[in-house]
Amino acid sequence: MNKNANIQNDLTMLDPIFERYAGQFGSLITILQEAQDIYGYLPDDVLACIAEHTGNSPAHVRGVATFYTQFRFTPAGKYLIQLCKGTACHVNGAERLATSLRELLGIGDGETTEDGLFSLNFVACLGCCSLSPVIMINGEAYGSMTPAKLSVLIADIKAKELQN
Amino acid sequence: MKIVIGQGSCGLAAGAGKVFDAVSEELKKLNSDIVPGVVGCIGMCYLEPIVDIYDDNGALHRLVCVKPTDAPSIAAALCGDLDAVKSLEISPEDSSFLEKQYRIALRNCGIIDPCSIDAYISVGGYSSITKILSSMTPEAVIDEIKTSGLAGRGGAGFPTWFKWNAARQSVSDHKYMICNADEGDPGAFMDRAVIESDPHSLIEGMLIGAYAIGAEEMIVYVRAEYPLAVIRLKEAIKQARERGYLGKNILGSSFSCDMRIKMGAGAFVCGEETALIESLEGNRGMPRLKPPFPAQSGYKSEPSNINNVETFANIAWIIQNGGEKFAALGTPDSRGTKVFALTGKIKRGGLVEVPMGMTLRDVIFDIGGGLRDGREFKAVQLGGPSGGCIPASLIDTVIDYKKLGATGAIMGSGGMVVMDEGTCMVGMAKFFLDFTAKESCGKCVHCRIGTKRMQEILTRIVEGNGREGDIDLLLELCTAIKDGALCGLGQTAPNPVLTTIKYFRDEYEAHINDKKCPAHECAALLTYKIDADKCRGCTLCAKNCPVEAINGQLKAAHTIDTEKCIRCGQCVKLCKFGAISIE
Amino acid sequence: MSKIKFTLNGKECFAEEGEFLLGAAQKNGIEIPNLCNHPSVKIYGACGLCTVEVAGVPKLLRACSTKVTDGMVVNSETDRVKHSRKVALELLMSDHDGDCVGPCSLNCPAGTDCQGYVKAIAGGDYHRAVEIIKDKLPLPASIGRICPHPCEKKCRRQYVESPISIAALKAFAADRDLEENTYAAVPAESTGKKVSIIGGGPAGLTAAYYLALKGHAVTVYDAMPKMGGMLRYGIPAYRLPKSVLDAEIKLIGDAGVEYKNNVKIGRDVSFEEIKDSSDATIIAVGAWKSSSMRVAGEELDGVVGGIDFLRQVSLYNSGEGDAPVIGDRVVICGGGNTAMDACRTAVRLGAKEVSVVYRRTRAEMPAEIEEIEEAEEEGVIFRFLRNPAEFVGENGKLTAVKLQVMELGEPDASGRRSPVAVEGCFETLEADTVIEAIGQSLDFTGINGLEYNRRGNIVADEASFATSIEGVFAIGDATNRGAGIAIAAIGEANRAAAVIDSFLNGQMVSYKAPFVSERRLDNIDFSVYNKKDRVSIPKRSAEIRRNDFDAVNLELCEDAVKSEAARCLECGCHDYSDCRLIKTANLLPIEPARFDGKKNVHKTEQRLVSIERNNSKCILCSLCVRTCNEVAKKSILGLVGRGFDTVIKPEFHNDEIIVGCRDCHLCVDVCPTGALKLLK
């Protein structure tokens, strides 16, 4: 049980997904992906509802969901920072970026800051090897990053959020 | 006049989308009726964004490292003033990047519009499927592939015809042709480039395979991290269906086959074919025991064939040009071409496709232009987490499955990461074991706990806590994991460690015995010192030290408190007098 | 079905067409180790222990999933296979956070199952408790009273508040058992083999007991008038009433052991005679000689050895001699348990001023803290940082002890700060008697032909207890490192009995300590336990007890005993005797400590109501998950997470499933280790 267990979600939003994949073999992962698109993560009641509607046991649904890194079980922060840990980025200093991100945000891989502003994910390869090392914030790539550039970037976001 | 702008993922990341918008805007202002076109990735990632202008004579003017602010010059060029973009044109040196390549799998990448089936057809696309449906038996297709000598490009290098034949031989009404596009090697991106830049060649290649084995359903398993590839492939499937290349009675023949995409959800192990099947079936992606092989019992327990994207991208070309033409390229052991993702400390990084039989030197120095910033070549990593590091002394190794295998590395899926003397090889091994341990599915003991223990040992070595006997302990674990792990990924997980110990044992020993990192990369093993004679006391370093570890008065020599120092390297970069050294 | 032929480990074997190697091997009488396979569920291939080499195949193959083919040549015991298996087991054990047996039992030199008998005591079943104890130790009432209880030193309850009073519980149970319904093991049928044991102390008696139970004819020879050795003649009666010892020695005799007292080897019978007339001979003599302090004046009248003194008092107490004359002022030299026994005995003999002289401080004293405290209560004066420099006398009679004043210097190899003489600083202490209690050594007069080490002790193999003479074994104080505590001698005797039994049966099998899994202290959360004080043992007051040799300790009441026993944390695993994991881990010599690293540590959970789950012990064979899915068709259990962090958890959203779970338990049955426990 996670800390969001008591949040009630509108489970009727899942109905179109169940309709779309009714009776389709092997569609559990796709259903989970689409459910996450709706809720931003996979809360317990959503997992339970998916188990019930797909005829899978709750244990199987949780087992599958926790196997794949794409699925989240807590809400993501407003800014999702993805740090590329591909080989090219590693060779060009991704580890230093990882260290400064940990210092700047106080969170590690897969975690979200307490204020809900930032989530940090280390990803295998973003495919921008020529721009390495790369980070991506909400889908936008920032190439040839250095710890110094990174701290400016994070400070800018924080300042912007403070104004709002 | 015609203009196309490369819009692969890396081009877009470099700003190609903004360039596209700026050029479109500019052209609109000029009331020009020229509309910029879209192409995929040409492979010269280091020069992105790339804009290709074809003048009225059909000559190509390739503009590189284009910025949105260059839009007015580009618009001017399109209005006839080609001199306006002279400064942006690719240098002859950079042009040589493409000249030494031989492109089969990447033949259309960066040249045609990936979103247009007509563009694909205009370069001979779908002629192969037309040809086989009208004139070739499935057996003849398999024979042609056998003649070509094509081997699986995903890493293992298993003969494609053999797998197809095994699936062909399996009797069932329901067979499946599956494409593995779960490109997981953190340093390879050719599959993504092919789908983004030439999705129809994948569809055609798979169709030919489906026809050969007798499958009526095709599934492409794509990494979730490749959203653009999914969009382009979806569009391509829709177009192919509209034109009758997919669906019932394709091109009026008795052959019916359709295709769908399945998105992965983030698990490297799903690149292993039995794990991929588990994932397709909606389960945890944990490898199954082999036998039975997928050719006998795969997806839904039916005969299934799985190849990767690059393999399929070669198929239509082989049918079109004949297996012999493909076989003529390369070496007796390895036919045709191979695509590599050339990255790391390389001057010209990107996607290259070369005939087998070239040497690593040809690729790294002739095509890649050698190392960046005049640094010295130390090693090249091939095959990602399943591969190994090949040292500079073996730079003349021929690209061939056997010859590369003999070094301890593998051909792999094509990741080629170049390293210079500033790359710590123990750190490199740790990097890959971090990856493997994180990606282990957890099913078998050897991989689940073994890779974790290797990662722990490597971590303590790079942190300066290595113990005597750690190298032997690592080697022992390597042997046991190779022997005992359940799937191919587990069995090859020790390769990065084995090759770095084989070629760079002295670096391991330096870390363990002398607590030194020869490459000056492992932070815990570095000591920063200020040379009092060189220091002018400018205070720049002290002001910028994030942990206030540097002390000293203005115009007096500074010192570093090694207890406080976090070895971030900031001071070394800032010092104008070269007074700070790392030991 | 046609039979096909294959070769396994050089043996010609047969299998059905399509049969898997693992099962086929088993049918042919060859066990290939495995932990994730079970006939009721699909093949899985996780544990990697069943790998074999097949001729012509470069890779190792898993026997569970490899079909036998005609003419296949298989080997499941090659070096390569064994290496892979060894590493797999080491890796498994490196992530298995559980105690096979409790630290109490591991730290007991005799390996008594403390947790087992403490549990029986908590339930009031003293007979069962004694049955458990007597599997390792035939003198529980005696040992329970005098043992320095290494078990309690490692008892984990001390991290909650204080250790379980294991020794006192043992004595209580054994006393009850002696009073009524006394436990008596039934000896096996006579083997016709004859065993002679020289020395009737704890070691000799223990070896005699276990060998007699095996059906051998055992005779114990002892030079003293009664059996018991140091338990009788070295330990004062106020600690161990002789009636208790007598009762237990009688029970050993009842098991068929013949006792011959007042027989001194070399005097009454020759060693050769005994040896030649026996199928096996055991030397189990004690260390009866007090070590000399090498101080001038040792020859004076009034200077005696600690062991000699205690023996004389014991004989006197049993009416077999005179009391020693010690005068009013007695000085005991030494800080060990013998020194404590000697000073307290001197008090009881009526000495007016009894001093203990010790060259270090109280903190360094090797004696048990309880003994020191009780001696203090009884009026013994402790003089620390003093060392006898000379025994001073007149006319051959001791009058005083000259003491060198000491101070503590740097710590020595054992970590204790070693005493250093303060130059020129001396004190004089008047004395009528000095008792030297600084150690004891062996006297082997009459035992010839054996190999001795530099300390003068018999060289005996640590695993087989064999000496340099075929058929002659040696145990206890007489061997290798010399004198030790009684329970250590008893442990050796028990292990030696098994070895000697195998020797008598024609195939000697040396003792091998089993590999067991142990938890790391820092992985255990003790804050979950409620504090509950250790029972305090009632004692007679010092003023009264110092006047006689009656027992100091009074009997505990039964309620206190049961509630003390109930404090046990039950560290040892419920599944140890059935655990397939630990059995497999003991097939090869393994060293999991090489791979020490992160362990998955979890709290035990009871979400399944009738099943306790301890994921710290789980080896992820997934048999429970697969059985729940494939056999029970319930799918309540599932794998959660990935890689090293994978855990097995139940998942359900309504109470019905819990009820459905209650009457199945198939998961518990298939678990190869103690991760799942059925709650009664």
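A crossing of two helices is called right-handed if the near helix is turned clockwise from the far one by less than a right angle, and left-handed if the turn is anticlockwise. In this predicted model, the crossing of α3(A) and α4(A) is right-handed.

**The helix pair in chain A**

Helix α3 covers residues 44–54 of chain A and helix α4 covers residues 58–67; their axes lie 8 Å apart and meet at an angle of about 120 degrees. Angles of 65 to 115 degrees count as roughly perpendicular and those over 145 as roughly antiparallel, and α3(A) and α4(A) are therefore oblique to each other. On the α3(A) side the contact is formed by A:Leu47, A:Ala48, A:Ile50 and A:Ala51, and on the α4(A) side by A:Pro58, A:Val61, A:Arg62 and A:Ala65. By class, the residues of this contact are 7 nonpolar and 1 charged, with no polar residue.

**Chain A as a whole**

Chain A contains 7 helices and 5 strands. Their order along the sequence is α-α-α-α-β-α-α-β-β-β-β-α. The chain has 164 residues, of which 41% are buried. Its C-alpha atoms fill a box of roughly 50 × 35 × 25 Å along the principal axes. Of the contacts in chain A between residues at least 6 apart in sequence, 61% link residues at least 24 apart.

The domain assignment divides chain A into domain 1 (11–67) and domain 2 (79–163). The C-alpha centres of these two domains are 30 Å apart.

**Domains of chain C**

Chain C is assigned five domains: domain 1 (3–77), domain 2 (103–184 + 520–565), domain 3 (194–287 + 443–504), domain 4 (289–440) and domain 5 (599–678). Taken over C-alpha atoms, the centres of domain 2 of chain C and domain 5 of chain C are separated by 36 Å.

**B:Cys10 and its contacts**

B:Cys10 sits in helix α1 (residues 9–13) of chain B. A residue is buried if 20 or more other C-beta atoms lie within 10 Å of its own; B:Cys10 has 32 such neighbours and so counts as buried. Leaving out residues up to four places away in sequence, B:Cys10 touches A:Gly127, A:Cys128, A:Ser130 and A:Leu131 in chain A, and B:Cys41, B:Cys45 and B:Glu48 in chain B. B:Cys41 is 31 residues from B:Cys10 in sequence, and their C-alpha atoms are 8.1 Å apart.

**Backbone exceptions**

Most peptide bonds are trans, and most residues other than glycine have a negative phi. The table lists exceptions of both kinds.

| Item | Feature | Angle |
|---|---|---|
| A:Ser132 to A:Pro133 | cis peptide bond | omega near -5 degrees |
| B:Lys290 to B:Pro291 | cis peptide bond | omega about -5 degrees |
| B:Asp373 | positive phi | phi near 55 degrees |
| B:Lys515 | positive phi | phi about 55 degrees |

A:Pro133 belongs to the loop between β3 (118–123) and β4 (135–137) of chain A. B:Pro291 is in the loop between α12 (273–280) and β8 (304–308) of chain B.

B:Asp373 lies in the loop between α15 (360–367) and β11 (377–382) of chain B. With 8 C-beta neighbours inside 10 Å, B:Asp373 is classed as exposed. B:Lys515 lies in the loop between α22 (495–514) and β14 (528–530) of chain B. B:Lys515 has 15 other C-beta atoms within 10 Å and is therefore partly exposed.

Technical notes. Residues numbered from 1 in each chain as written. Chains lettered and ligands numbered in written order. Predicted model: local features only at pLDDT ≥ 70, side-chain atom pairs only at ≥ 80, totals over all residues. Helix = DSSP H or I, 4+ residues; strand = E, 2+ residues; numbered from the N terminus. Buried ≥ 20, exposed ≤ 12 C-beta atoms within 10 Å, placed from the backbone. Contact = placed C-beta atoms within 7 Å. Domains from an automatic or database assignment. Axes fitted to C-alpha atoms, helices over the stretch in contact; angles between N-to-C directions. Parallel < 35°, antiparallel > 145°, perpendicular 65-115°, else oblique. Nonpolar A, V, L, I, M, F, W, Y, C, P; charged D, E, K, R; others polar.
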